[in-house]
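Let's walk through this structure together, one region after another. Keep the sequence and the 3D view open as you read.

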Amino acid sequence: MAENILIVEDEETLRSNLARYLAGLGHNVRQTDSRQEAMSLLDMESFDIVLTDMRLGDGSGLDLLQEMTRLAPFAVTLVMTAYSSTESAVEAFRRGAHDYLVKPISLDELSERINNIAKYRGLVRQNTVLRQEMQRRHNPLNIVSRSRIMADLLQMVRKVAQSASNILVTGESGTGKELVARAIHNLSPNSDAAYIPLNVAAIPDTLVENYLFGHRRGAFTGADRAREGAFRAAADGTLFLDEIGDLPIHVQPKLLRALEEKEILPVGSDRPIHVNTRVVAATHRNLDKMVAEGAFRHDLLMRLNVVEIHIPSLRERPEDIPLLVNHFIREHCNEMGIPIRLIDEEALKCLISHEWRKGNVRELSNVLERAVLLCEDDTIHASDLPADIMEREQRTPLALKDAVRKFEFHHVTSVLETVDGNREAAAQLLGVSPATLYRHMERLGLKGFQAHTR
């Protein structure tokens, strides 16, 4: 498999020879002689492997390794040096290097290392896919919550998933409408069939019909091949139509026919095609108001809204915030390949008291991704949060105190579960001494904690 490789080496002859050799093996190769230009390339392009010298004209490969945590967290690094020593190798590995080559470079050895890295990356990808599949099968909801209002919603999701009825999911932007749609599909009898998401708002009005129903070859200028369309792609499965309120008025009768008759008419075709596709639609708009204004068909709304699932805003379920904070911190740290960050009490209070009107759960995730990137130690502080969140007045101190305790309980429990109850390992992950962890466990009622059997 061809890899995207960046060579950072200030010795021109060696750099050119390596680039020529690797390109001859079928890899896509970029090269530079400076750390600064390498950082620019890493910022603009995606690389699978970075081959860098330890000593560069404008810095060191070790400095570049440190920057790669931010610029290219998923790239694998090979370090080259003519100054072989245990200390330099250890330091390179400490800063994230995958392997170590000593000059003069053996091309056969380099090829072998590249092949090994490619196999390693392939295994990582397979492992990720398998983890996602296992998660889908064992946690098909994949929705983080503990609030009563969300428990009731998830009970409804489980119930409607067993039917073939069309579902309308409503709620503010960022509340998790697609997560609910995926959960409905994952819990349905047809979970092994295709799940096709289509964001109506992201498609030009003139192409929506084409994306939905497909077209015949030659149906219009440039149609040099047939397109099956989203309905047929999701046959026997689920078609998720996000932002259905943006569906052009001229396409609405055709969608209505597809829902009523279970058949579609591809663009340029005279013969309808039967489709057995379940539709889950979502919107943040007020469709009843749009119907009154003539912007949305009443009969189409009735067909889509056999069952409506309304997702509450984050403001309506603040007790979910500590759990979501813990979830997103772990998720972003894992994605960036960095140790798990903690969050202090002041920062957590700021997040719980914020009104989250711009983007709800999505906004919270973005704020925590930013905080994980910006925090300078192993703990997220209030100063790592955006100013509008950091400066918000704390209005519910008693509720916040309870929420922080719940967060601490869940976070410590989660870490203990991760290490199968090993307190020394848990203390190390949490960045505290075993004695401090024991005091926290005693305060939180976890003194007799035992990990669940896996």
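In which loop is the place of K262? K262 sits in the loop between α10 and β11, the latter covering residues 263–264. Please keep in mind along the way that this is a predicted model. K262 is not a glycine, yet its phi is positive, at about 55 degrees. Most residues other than glycine have a negative phi.

A second residue with a positive phi is D236, which is not a glycine either and has a phi of about 70 degrees. You will find D236 in the loop between α9 and β10. D236 is partly exposed, with 44% relative accessible area. A235 belongs to the loop between α9 and β10 as well, and A235 is also partly exposed, at 34%. Which residues does A235 touch, once those up to four places away in sequence are set aside? They are A193, N276 and T277. Take N276 from that list: A235 and N276 are 41 residues apart in sequence, but their C-alpha atoms are 5.6 Å apart in space.

From these loops, let's turn to the nonpolar cores. The largest one has 29 residues, and those with the most contacts inside it are L212, F231, L241, I244 and L247. Several elements supply at least two residues each to this core: the helices α8 (208–213), α9 (229–233), α10 (252–261), α11 (287–293) and α12 (298–304), together with the strands β10 (238–242) and β13 (278–283). The biggest contribution to this core comes from α10, with 4 residues.

Next comes a pair of helices. Helix α13 spans residues 321–336 and helix α15 spans residues 360–374; the two pack with their axes 9 Å apart, at an angle of about 50 degrees. That angle makes α13 oblique to α15, and the crossing of α13 past α15 is right-handed. Which residues meet where these helices pack? From α13 come L324, V325, F328, I329, H332, C333 and M336, while α15 brings V361, L364, S365, L368, E369, V372 and L373. By type, the residues of this contact divide into 11 nonpolar, 2 polar and 1 charged.

Is the peptide bond from K103 to P104 cis or trans? It is cis, with omega near 0 degrees. Most peptide bonds are trans. P104 has its place in the loop between β7 (99–102) and α5 (107–138). Helix α5 also holds R113. Is R113 buried or exposed? R113 counts as buried, because its relative accessibility of 18% is under the 20% limit. Leaving out residues up to four places away in sequence, R113 touches L78, D99, Y100 and L101.

Notes
Residues numbered from 1 in each chain as written. Predicted model: local features only at pLDDT ≥ 70, side-chain atom pairs only at ≥ 80, totals over all residues. Heavy atoms only, no water. Core = buried A, V, L, I, M, F, W, Y, C linked by side-chain atoms within 4.5 Å. Buried < 20%, exposed > 50% of the residue type's maximum accessible area, 1.4 Å probe, protein only. Contact = heavy atoms within 4.5 Å. Axes fitted to C-alpha atoms, helices over the stretch in contact; angles between N-to-C directions. Parallel < 35°, antiparallel > 145°, perpendicular 65-115°, else oblique. Left-handed = near helix turned anticlockwise from the far one by under 90°. Nonpolar A, V, L, I, M, F, W, Y, C, P; charged D, E, K, R; others polar.
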